[in-house]
Amino acid sequence: MSVPSSSRSPCYYFKFGLLVTGRGEEQYLPQLFRSLMETGICSFEVIGKVEQLNPITSKIKKLKMVGSGKTILSKDEKRIGIPAREYIKSDPCKYVILIDDLEADRQEIAKEVFDRYRTILDTMLPKQKNQTSVHFLVNMLEAYYFANAQSINKVLGTSLRDFAGDVETIRHPKGELKQIYSGFQEVRDGGKILQELDVTHILANPETCAALRTLFAWCLKIIQQYPYADDLDLNSLEELYQIKTGKLYEVTASQLDLLLS
C-alpha cells in the first residue's frame, strides 16, 4: 500500500534518480528536466544504466519463478530493484524514474514491458510505490529533437523546421538525424542538442508527445507537493506542458492516479 503523501513530513527539496537504458541518456538525460530544475526545488541525476527489458515469454523461466516463489527474476532484482531501493532507502523526498526507449517494434507490447518494470519496482519497494515510476521515450530520445528543430540547427548547422506531426510517430529518429547530418554522433552531438532543447516548446502542442507529457506530469505532481508551491507559480509549468488539456500516454498515465492515493 502506498504511503499517502498527506501523512508524511513535507519535502522542501526533491531528488529524482534516473535509471536509463541508453548511452546518450546515461550521459545527458538530466538536461531534459532543466525547466523543472529551474524552480530550484528539485534535481535529477542518473543513478544507473540498466538493460532494456521485454516481457518474459519463456515458459521455463516462468516455471522457475513459480517454483522459487519469486515474482521477479534475480537479475532484475539486482540490476533494477536494488539500485532503486538503495537510492530511495527511507528518504520520502527521493524518487526513482525508470526511463526506456519504446521503439516502433515494441509499441504493441508496451503494456507488458511497463508491467515487467513496474512489478520489479513494486516488489522491491512495496511501501513506496508512489516514489517510483516507469516512463517511455517514444520511439527514442532523438525523436524530441525534431519537435524543437532550432536545437538541432544550433548544433549541427542545419536549417530544419519543427516536425509537422507528432514526433512520437517518427519510426527511426536517430536514423533520420544521420541522414540529415552524416557525422551525427549520438552521445557527442546528442548531448549538445539536449542542452539546447526546450521542453516547454515541445509540449506546447496538446495533441502530440503524450508519453513525454505523462513523464513531466508525474514529476510536476511530485514537486507540486512543495509546501510553498504557490509562491513558485508551478501552475504556469502545468500550462506550458499542457498537462490538463494535452494527450497523456495511457500505458503510463495510471501512475498519476497512484500519486493521489
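Student: How far apart are the mean positions of the positive and negative charges of the protein chain?
Tutor: This is a predicted model, in which local features need pLDDT of at least 70, side-chain atom pairs count only at pLDDT 80 or more, and totals for chains, interfaces and linings use all residues. Residues are numbered from 1 along each chain as its sequence is written, and side-chain values use heavy atoms, leaving out hydrogens and water. Lys and Arg count as positive and Asp and Glu as negative, while His and the chain ends are not counted; each charge is placed at NZ of Lys, CZ of Arg, CG of Asp or CD of Glu. For the 33 positive and 34 negative charges of the protein chain, the mean positions are separated by 8 Å.

Student: What radius of gyration does the protein chain have, and why does it agree with a compact globule?
Tutor: The radius is taken over C-alpha atoms, and the globule rule is 2.2 Å times the number of residues to the power 0.38. Because a compact globule of 261 residues would have a value near 18 Å, the protein chain agrees with its own 18 Å.

Student: Is Arg-106 buried or exposed?
Tutor: Arg-106 sits in the loop between strand S3 (94–102) and helix H5 (110–124); helices (H or I, at least four residues) and strands (E, at least two) are DSSP runs numbered from the N terminus. Buried means under 20% relative accessible area, exposed over 50%, and partly exposed in between, with a 1.4 Å probe and protein chains only. Since the relative accessible area of Arg-106 is 5%, this residue is buried.

Student: What relative accessible area does Cys-209 have?
Tutor: Cys-209 lies in the loop between helix H9 (199–202) and helix H10 (210–223). Although Cys-209 is not a glycine, its phi is positive, about 60°. Cys-209 is buried because its relative accessible area is 2%.

Student: Why does Gln-242 count as partly exposed?
Tutor: Gln-242 is placed in the loop between helix H12 (234–240) and helix H13 (250–258). Gln-242 counts as partly exposed because its relative accessibility is 21%.
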